[in-house]
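Visitor: Could you walk me through this one? I'd like to go through a few spots and ask as we go.

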Amino acid sequence: MPSMLDAVVVGAGPNGLTAAVELARRGLAVAVYEAADTVGGGARTEELTLPGFRHDPCSAVHPLGVGSPAFADLPLARHGLEWLHPELPMAHPFPDGTAARLARSVGETAASLGARDAGTYRRLVAPYTGHWETLARDLLRTPWLGTPTDPLRWARYMTLAPQPLALLARRFSGDRARGLLAGLAAHVISAPHSPAGAGVALLFALAAHAGGWPVARGGSQAIADALTGYLREQGGTVHTGTAVRRLDELPPARAYVFDTSPTALARIAGLGGAYRGFRHGPGVFKVDYALSGPVPWLSADARRAGTVHLGPGYGDIADSLRRAVRGQEPDVPFLITAQPSLVDATRAPEGQHTFWVYGHVPNGWSGDLTGRIERQLERFAPGFRDLVLARATAGPPELAARNPNYVGGDIGCGAFDGLQSVLRPRLARVPYATSHPAVFLCSSATPPGGGVHGMCGHHAARRVWRWLRQH
Ligand SMILES: Cc1cc2nc3c(=O)[nH]c(=O)nc-3n(C[C@H](O)[C@H](O)[C@H](O)COP(=O)(O)OP(=O)(O)OC[C@H]3O[C@@H](n4cnc5c(N)ncnc54)[C@H](O)[C@@H]3O)c2cc1C
């Protein structure tokens, strides 16, 4: 190892690894330090329940991963990453056994929303379908840094994107479309009247039409492992089992890049109250199941979907989100569920399945949501409980203990609402820079925010690269 590194990255989540890779491939000497014993952060896979059942404790489904401009530029397939597509990206079932469908095809999706809303849906997505590559580059960034590659389409999107979900939902008359959109917006866990819900819902819908909502063969760990494999190929080093507490514990480097929460960064790098105003969002309660068979969904569409959202209606989802945001526990949680073993035989012994589900709860909530989650599952899949071989649960305290970025169980590393959905982690021209010139932030606390897409790391690395060239 050279005596002086060019960059040290703290944290081996998808953003830290992407930042490290992008610096190493430019010929810089890079080392990554990770607190956990394995790389991955929110992109990891573990035998959490029984031998042979490989669960994703955090991210499982990757619409923004398969569609990430940062990942598209890297040889991740050569390092073992393979996307597996379910027949249907997402189903949004109702208790009568029917479902709204988010399909690869716009036509199939629109048809599932009912005659009155089909045309509205088609008109909503039409200006953007077929343009994912430029749209993703233009949207998954800090809006005021650089210029959009397709300015007209970007400008059009930006007339809609800041709107709250509630306004977008008003364009539709039936609960199939309204429920489907609410479920999509719920991925950022903000209330229906919070700005940017419309932009989020549309982004997830467009991602399905462009690249699908796949899982990674072998589990989400494959994403982190592919990034790590490529990093090592480029001469980078990775040190696990090393929780960084102070900057001076790290080897000398020209730049330090943090894949951490802003408050942890401030503490470690001695930045004082630099991020005092930064707010964390609601938490989640996660359950990973080992099942003796596939989930017995009433809805045939849910049986072939990689992701299943359980609201069902707009009002139910809005109420559940509002409660989580206000700090009240949900009576009936909105659930995001995934069934990776439908398309990936490596996840469970033959004929058996892994099943992934989480609901939203207040930040720091320490209750047990398992009973409420299973009551809701039984409503849409009667007999579900009879299939449970084992379950592993993790509420906010457990999630935060496993990964310090998930403060109070906030999986987005910072509330995605109000101005903070864009001004992350604080009002600054370059959000990746800090008050220390050689210290940078690259976690999902920066734009464009949560999800396994590496785009925060990608943009942070460009800033670090630019600074290193000048100094
Ligand atoms: C239950 C759950 C479900 C999710 N589902 C999805 C999904 O389906 N699809 C999706 O795209 N996203 C999903 N996400 C979100 C996704 O996992 C995150 O947005 C993403 O992992 C953020 O990447 P990151 O690199 O910014 O941070 P992280 O992945 O959180 O990685 C940060 C890393 O830094 C390390 N670290 C922190 N502090 C220190 C320190 N002081 N010293 C050394 N190391 C440190 C941590 O241990 C961790 O490994 C989910 C998350 C959770 C928890």
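Visitor: Which residues is serine 299 in contact with, leaving aside its neighbours within four places in sequence?

Guide: Serine 299 is in contact (heavy atoms within 4.5 Å) with Pro93, Gly97, Thr98 and Ala99, once neighbours within four places in sequence are left aside. This is a predicted model, in which local features need pLDDT of at least 70 and side-chain atom pairs count only at pLDDT 80 or more, while totals for chains, interfaces and linings use all residues. Residues are numbered from 1 along each chain as its sequence is written, and side-chain values use heavy atoms, with hydrogens and water left out.

Visitor: And where does serine 299 lie?

Guide: Serine 299 sits in the loop between strand 9 (283–291) and helix 13 (300–303), where helices (H or I, at least four residues) and strands (E, at least two) are DSSP runs numbered from the N terminus.

Visitor: Is serine 299 buried or exposed?

Guide: Serine 299 is buried, with a relative accessible area of 2%; buried means under 20%, exposed over 50%, and partly exposed in between, using a 1.4 Å probe and protein chains only. A polar atom of the serine 299 side chain lies 3.0 Å from the backbone nitrogen of alanine 302.

Visitor: Switching to the ligand, which residues come nearest?

Guide: Of the 37 residues around the ligand, the nearest are Glu34, Gly42, Asp259, Asn403 and Gly451, where being near requires a heavy atom within 4 Å. For glycine 451, a backbone N or O atom lies 2.7 Å from an oxygen atom of the ligand. The protein covers 94% of the 990 Å² of accessible area that the ligand has on its own, an area that comes from the Shrake-Rupley method with a 1.4 Å probe.

Visitor: Which element gives the most to the shell around the ligand?

Guide: Helix 1 gives the most, with three residues; the elements that give two or more are helix 1 (14–24) and strand 12 (353–361).

Visitor: Last topic: how many disulfides does a search of the whole structure find?

Guide: The search finds zero disulfides, a disulfide being a pair of cysteine sulfur atoms within 2.5 Å. Cysteine 58 is in none, and the nearest cysteine sulfur, that of cysteine 413, is 12 Å away.

Technical notes:
Polar contact = N/O pair within 3.5 Å; in protein donor to acceptor, adjacent residues only side chain to side chain.
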